[in-house]
Structure formats: C-alpha cells, structure tokens
Amino acid sequence: MFDKEEQSRIDTQHTGHRQDASGYDDDEPPSKPRRHPLWRKVPKKQWDDWRWQSQNAIRSVRQLRGLLPFEPEELEAIGALEAEYKLAIPPYFFSLIDVDNPNDPIRLQSVTSPLEAKSTFELEDPLEEDKDSPVPGITHRYPDRVLMVTTHVCTMYCRFCTRKRATMVRGGWDSVSRDDERMIEYVRNNPQIRDVIVSGGDPLTLPYGKLKFFLHSLRDIPHVDVIRIGTRVPTTLPQKLYDPELIDILESAEKVWIQTHFNHPREITPEVARVCKSLIRAGMPLNNHTVLMKGINDDLETMRKLMRALLKVKIRPYYLFHCDPVIGAGHFRTSIWKGLEIMEGLRGHMSGLAIPTYCVDAPHGGGKIPLLPNYLVSASDDCVVLRNYEGMLVRYQAEDKAPTTKQTANRGVSQLIQGTTTALVPPNSERMARRRQYIQDKAAAKEAACCSSESETPDEPTQDKRELLALPMVSAK
Ligand code: SF4
C-alpha cells in the first residue's frame with residue numbers, strides 16, 4: 001500500500017523536495033517529483049534514464065497485482081483483457097498514481113479496467129482513417145494536410161486510444177521500410193500538402209535513424225511548411241527528452257511543432273517543465289490536445305487547473321476532443337452537454353490563451369467539428385444580438401448603414417433588435433459594479449474639487465454615466 005510518509009521521505013532523499021502529505025489534488029502543478037516505494041532505492045541517474053524507465057515499465061497484470069489493490073474478480077477480468085490490448089506504464093508515470101484511490105485519474109488512463117470488456121457500439125476505426133488512406137500509413141482528409149502513422153509503438157498504452165487498431169499491433173519498427181518511403185513520396189508528389197502530422201503510435205519512440213529519415217525527408221520537401229509531431233512522450237516518459245541527441249534531431253528538422261497530449265493537471269510535473277524548456281529553447285512551439293473523459297477531467301475545476309498548468313510550462317491548449325467511440329473506451333465517454341458546460345466555464349473566465357477548441361471528430365471521416373456554447377442570440381437585417389460570458393446581451397451593428405427596423409414599443413431582446421437600447425446587463429455583473437463604483441468615485445472627486453473652488457456651476461453627467469444609467473438591468477433568474 002502506498003504510504004504518504006514514505007513518499008515524503010523518498011522525495012526528500014532523491015530530490016531535495018519534501019512532499020506535502022495532504023494529498024495529490026491539492027498540489028499546484030507543476031507539482032513535486034514522485035516515486036512509488038518500489039523504486040525508492042533506484043539512483044537518480046538511473047531514474048532519469050529513459051532506457052531504464054522503458055525496461056522497467058509495468059507490462060503485465062502479474063506485475064500490477066503487486067503494486068495496486070484489486071478485487072479478485074477484477075484481477076481475473078483484466079487478466080482476460082491482457083491479450084486484447086497492450087499494457088505498458090513507465091515507473092515515472094506509474095508513480096503519479098494515487099494507489100489508495102481506485103478511481104485515480106492517472107490510474108484510469110493507464111491501468112486496464114474490467115469496463116473495457118463491456119464496450120457496446122464502439123468501433124475499431126471510429127474516424128474511418130483507413131478509408132481516406134491513399135497509401136498505407138497516410139490519412140489524407142483535409143486539403144492541405146496529411147497524417148502519417150510512423151510506428152505502432154508507444155511509451156504507454158492509453159486505455160482510451162483512438163488508434164488502438166494500430167497500437168495493438170506488435171513489433172516491426174526498426175528500419176525504414178518501403179511503406180515509409182511511399183508515405184514520403186506521396187507527400188512529395190502532392191504540392192498542396194503544407195502540414196504533415198507525424199503520428200503513430202508515438203513517433204518519439206522511433207529509433208533515431210528512422211526518426212531522422214522521416215523528419216529530414218519532410219524538411220527537404222519545399223512545399224511542407226509544418227511538421228507536427230503528435231506525442232505523449234513528454235507526458236508519460238519525459239526522461240526521453242533529457243537526451244540532447246533527440247532534441248538535436250528535432251531541432252535539425254527546422255519545421256517541427258510539438259503536439260503534446262495532457263489530460264490531467266497532475267501530469268504536469270517538474271520533469272515536464274524541464275523538457276518543455278528544452279523544446280522551446282530549441283525553437284519548437286508547443287500545443288496540446290486533451291481528450292474529455294468521464295472521471296478524468298469532466299469537471300470544470302480540473303479542466304481549469306489543467307489549462308492553467310499548461311500555460312505555466314508554455315504549452316498552448318489547442319484542442320479539447322470529445323472521446324471517440326473506440327473499442328474498449330465506452331466508459332470514458334460523456335455527453336456533449338458536459339463539454340459545452342466546461343467550455344462555458346472557460347471562455348471569458350480565463351485568459352484567451354488558455355481556451356482550447358472543443359471538437360467532435362465526426363463519423364464517416366467528417367473530420368473535426370468545433371462546438372461551442374451559443375453566443376449569437378438573435379439577428380435582424382440591421383444587427384445581431386450577442387451574449388458575453390457574463391450573460392450580458394448586446395446589440396452589435398457590423399455594417400455602417402442606416403437602420404431599417406421600425407421602432408415599436410417592445411421589451412427584452414426585441415428592444416435590442418429595434419435599437420431602443422444597446423445592452424441588457426445582468427444585475428450581478430461584477431464588471432458593471434466596478435464601473436459604477438469608478439464613475440461614482442470620479443464624480444465624488446470632482447464634486448470635492450468644485451466645492452473647494454466654490455464653483456456654482458452644477459455638474460453635467462458625463463457620457464459614461466449617462467450610458468451606464470441608461471442600460472437596463474435584467475434579472476439573472
Ligand atoms: S500515446 Fe497516443 S497513440 Fe499511443 S496509446 Fe496513447 S493515445 Fe494512443
């Protein structure tokens with residue numbers, strides 16, 4: 001059983017940090033380094049070596065039973081799933097699990113669950129990538145970009161993976177194959193392709209020679225502007241990016257953007273902060289996609305914490321994907337309403353830099369379709385009525401032309417359409433209260449100044465004040 005006191009000792013011994021024994025979720029990411037007691041005696045040099053981490057990854061249910069508490073029937077069920085989908089959890093990532101919590105979000109992403117056998121209508125290739133594949137390994141769906149599957153190997157096998165049909169395959173990834181060359185030829189022969197998403201599996205697991213083949217070949221194609229590497233290595237095995245040779249290879253490809261994949265704020269650790277720094281220093285922009293998953297990040301507070309944590313390590317939140325209907329991942333799927341509820345709580349409440357685009361990947365290869373709460377409330381020939389994050393409704397006239405709408409006595413949104421008022425403000429608007437206070441303070445200061453100079457002239461209300469007084473308040477109920 002995981003012992004927090006023991007963890008605290010490990011942290012002090014190996015990192016110089018003392019772990020707060022109050023629990024995991026209170027840590028503000030990037031939190032402190034962690035070690036499961038099994039690996040407490042591993043020297044730091046070894047712990048920081050990605051080869052050691054890979055060699056010591058948890059790859060079987062037999063290993064898992066010594067590290068986590070399981071009910072006997074649970075063990076039997078996940079044992080039966082072992083042949084279905086690979087298991088691999090590097091000690092670093094495993095150490096982020098709160099072993100006392102069977103619903104721990106890191107555990108849910110990485111450890112086999114009996115619920116995987118209970119999937120109903122989920123699909124092997126939910127995005128129908130294989131049907132948009134002109135040569136093996138390439139998906140060409142959008143006009144100017146392609147996705148390239150370069151390997152079936154990952155450092156950790158995520159239980160929700162959309163590309164399980166590829167990552168379930170074992171072996172065959174060492175040397176450059178004829179299929180690899182065909183993928184490059186396809187990009188070379190299609191000048192409309194500007195952006196290549198190098199994916200997998202995880203391309204950062206490739207042997208360096210093969211990684212160089214892909215990156216340098218793409219770099220040398222003049223019409224390719226962007227090489228996007230989709231990777232979970234920074235999340236699950238950041239030690240791999242401690243290797244200066246790997247950073248050099250990425251830097252030498254010149255056009256590389258890194259697309260990270262973090263799903264929970266506890267995944268943002270000091271180790272992650274360190275590799276983000278190296279990647280940025282080597283000139284690579286960092287963007288993140290997150291998968292919205294039940295029990296992992298389907299609540300506003302977790303998502304806000306994650307977005308804030310990403311910005312702290314200079315990763316730009318880019319996409320929030322609705323979880324695909326992939327085989328064995330049905331238990332992670334939540335409603336679209338949940339996604340919209342989260343987006344409503346992000347936009348306007350946090351820096352625009354922290355707001356990802358919420359997308360559904362449409363069936364039949366329809367691609368990414370963005371979804372957002374409704375900010376367009378009504379419209380006429382003259383204007384639109386828009387809503388902001390506070391619930392304020394405003395009339396917005398986009399074109400410079402004379403109004404055509406006839407004004408009649410009316411209320412509510414119709415008033416805005418007709419132009420008899422320009423905004424409806426919720427009475428609890430903090431921003432308007434601040435403004436009112438500011439105007440009152442200004443007026444009081446002016447009055448005091450007038451009194452002291454014994455001016456007889458009554459003060460005219462300012463334009464600000466006139467406008468503010470004219471705005472109708474609407475009930476928040
Ligand atoms: S790292 Fe990516 S490709 Fe690999 S299992 Fe996880 S989600 Fe799938």
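Two strands are taken to pair if DSSP finds at least two bridges between them. Helices (H or I, at least four residues) and strands (E, at least two) are DSSP runs, numbered from the N terminus. In β4, Ile227 is the bridge partner of Val196. The structure is a predicted model, in which local features need pLDDT of at least 70 and side-chain atom pairs count only at pLDDT 80 or more, while totals for chains, interfaces and linings use all residues. Residues are numbered from 1 along each chain as its sequence is written.

The protein contains 18 helices and 13 strands. A residue is termed buried if 20 or more other C-beta atoms lie within 10 Å of its own, exposed if 12 or fewer, and partly exposed in between, with C-beta atoms placed from the backbone. By this criterion, 34% of the 477 residues of the protein count as buried. Two residues are in contact if their C-beta atoms, placed from the backbone, lie within 7 Å. Among contacts between residues at least 6 apart in sequence, 75% join residues at least 24 apart.

Strand β3 (residues 195-199) pairs with β4 in the parallel sense over four bridges. Strand β4 (residues 226-230) is largely enclosed by the rest of the structure, because four of its five residues are buried. In the loop between β3 and α10 (208-219) lies Gly201, which is joined to Gly200 by a cis peptide bond with an omega of about 25 degrees.

Both Gly200 and Gly201 belong to the surroundings of the ligand, together with Cys154, Tyr157, Cys158, Cys161, Arg163, Thr167, Asp202 and Arg232. For this shell, a residue is near a molecule if its C-beta atom, placed from the backbone, lies within 6 Å of it. The shell comprises four nonpolar, three polar and three charged residues; Ala, Val, Leu, Ile, Met, Phe, Trp, Tyr, Cys and Pro count as nonpolar, Asp, Glu, Lys and Arg as charged, and the others, Gly among them, as polar.

Helix α13 (residues 270-281) has 12 residues, which at 1.5 Å a residue should span 16 Å; its end C-alpha atoms are 17 Å apart, in agreement with this value. The expected span is 1.5 Å times one less than the number of residues. Buried residues of α13 are Glu271, Val272, Val275, Cys276 and Leu279. They cover an arc of only 135 degrees around the axis, which places them on the same side of α13; the arc is that of the directions from the helix axis to the C-beta atoms. Lys277 and Arg281, on the other side of α13, are exposed. The buried residues of α13 pack against α6 (91-94), α11 (233-236), β5 (256-260) and β6 (286-292). Just after α13, Gly283 adopts a positive phi of about 90 degrees.

Most residues other than glycine have a negative phi. Lys314, although not a glycine, has a positive phi of about 65 degrees. Lys314 is located in the loop between α14 (300-312) and β7 (316-322), and is partly exposed, with 13 other C-beta atoms within 10 Å. His364, likewise not a glycine, has a positive phi of about 60 degrees. The loop between β8 (357-362) and β9 (367-370) holds His364, which counts as exposed with 8 C-beta neighbours inside 10 Å.

Three bridges connect β10 with strand β11 (residues 384-387) in the antiparallel sense, and Leu386 in β11 is the bridge partner of Leu376.
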